Amino acid sequence: MAPTTIFAICCGLAEHAAQEPSVNIQITLLKLFKRLPHVLIWTWSNLLLEDLANQRLPASILEDSLNKPWRPLPSNRITPDETRHLLLWLIPLVTLLSWHLNVAKESILGFVFIWMYNDLEGSGEGWFIRNALNAVALANWDAAATSIILERNGSAELTNRTWMWLCAVVAVIMTTVQVQDLPDMHGDRAADRKTMPLVVGEKVTRWLTAAVVIIWSFICPRIWDLEVFGYVLVMTLGSLLATCAICYRTVATDRLAWKLWCWWMMVLFTLPVCRVLSDTITSESSLD
């Protein structure tokens, strides 16, 4: 929930600043935060739907019994059939909520990605398809959340720069999200999932991921034409993530690497705000 919400707030602020540069940034933030409950409810409901769809299948239960035995299904707190019944109720409710918030198309597209990833076993078809589905699904959520916070009639009304940033986010996720597979190799092997560490090799995955993370840590601030300060936190977290992935190879440190990846992504999502702040400071300096 947190990454999608942060993306929506930051891109929403950047869009407002680009379209209404004369409006005070505090006023813009107030407008956005009034829409924040809508974003949180929509994001939470779609995330719940995805989790139920993902965790109810036999292969997922087998994997979770090895990697995450505390989850409801492997711990027998809920059955797969009960989960299916929940989905039968939840899908129309989420669709109605999305229609009310003018993002029904994005939500239905999300259902398609969830269906492809889980029921059509896209998650186990191969690491490329697995990463691609993860990337486009998450970007679709980001676009919808941004539309909600801006009160737009769907993501089609977002600016070209926001769409360019969404495309960059898709590329970043697609080339780095395999970090999540490092701590789950034991369970993925049992479930016969063709994740990147199991297909191309653990060592290659670690080194390739570390290199790509560093490259994106340099490219993403450049997309927003940021000064040195825009690189510092991104490069710091990216370097920590790369070091963790390469130098420490236990399940515990791989889980830490996954958490670092989530934090690194959230910092990337704040880059549009860094651009707004930089422009504001420059504008105020020129007035002085």
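How are α13 and α14 oriented to each other, roughly parallel or roughly antiparallel? Let us start with the model itself and then come to that pair.

This is a predicted model, in which local features need pLDDT of at least 70 and side-chain atom pairs count only at pLDDT 80 or more, while totals for chains, interfaces and linings use all residues. Residues are numbered from 1 along each chain as its sequence is written, and side-chain values use heavy atoms, with hydrogens and water left out.

**Confidence**

The predictor's confidence in each residue, pLDDT, runs from 0 to 100. The chain averages 86 on this scale, and 91% of the residues score at least 70. Among the elements of the chain, α12 has the highest mean pLDDT (94), and helix α15 (residues 271–287) has the lowest (69). Where pLDDT is low, the predicted coordinates should not be read in detail. Helices here are DSSP runs (H or I, at least four residues), numbered from the N terminus.

**Helix pairs**

Two packed helices are described by the angle between their axes and the distance between the axes. Axes are lines fitted to C-alpha atoms, for helices over the stretch in contact, and angles run from 0 to 180 degrees between N-to-C directions. Helix α13 (residues 229–247) and α14 have axes that come within 9 Å and cross at roughly 160°. The two are therefore roughly antiparallel to each other, a label for angles over 145 degrees. In passing α14, α13 makes a left-handed crossing (the near helix is turned anticlockwise from the far one by less than a right angle; clockwise would be right-handed). Contact means heavy atoms within 4.5 Å; among the residues that meet are Leu-233, Leu-237 and Leu-241 in α13 and Leu-256, Leu-260 and Trp-264 in α14.

A second pair is formed by helix α8 (residues 127–150) and helix α9 (residues 160–176), whose axes come within 8 Å and cross at roughly 145°. The crossing of α8 and α9 is right-handed. Their contact includes Phe-128, Ala-135 and Leu-138 of α8, and Leu-166, Val-169 and Ile-173 of α9.

**Salt bridges**

A salt bridge is a side-chain nitrogen of Lys or Arg within 4 Å of a carboxyl oxygen of Asp or Glu. The structure holds eight of them, including these:

| Pair | Closest N to O distance |
|---|---|
| Asp-119 and Arg-56 | 2.7 Å |
| Arg-84 and Asp-81 | 2.8 Å |

Arg-206 lies in helix α12 (residues 202–223) and Asp-254 in helix α14 (residues 251–269), so the pair ties together parts that are 48 residues apart in sequence. Buried means under 20% relative accessible area, exposed over 50%, and partly exposed in between (1.4 Å probe, protein chains only).

In helix α5 (residues 80–100), Arg-84 and Asp-81 are three residues apart, about one helical turn. Arg-84 is partly exposed at 35% relative accessible area, and Asp-81 is partly exposed at 41%. Asp-119 is likewise partly exposed, at 35%.

**A buried serine**

Ser-107 sits in helix α6 (residues 104–117) and is buried, with a relative accessible area of 1%. Leaving aside neighbours within four places in sequence, Ser-107 is in contact with Trp-42, Asn-46, Val-94 and Ser-98.

Conventions. Parallel < 35°, antiparallel > 145°, perpendicular 65-115°, else oblique.
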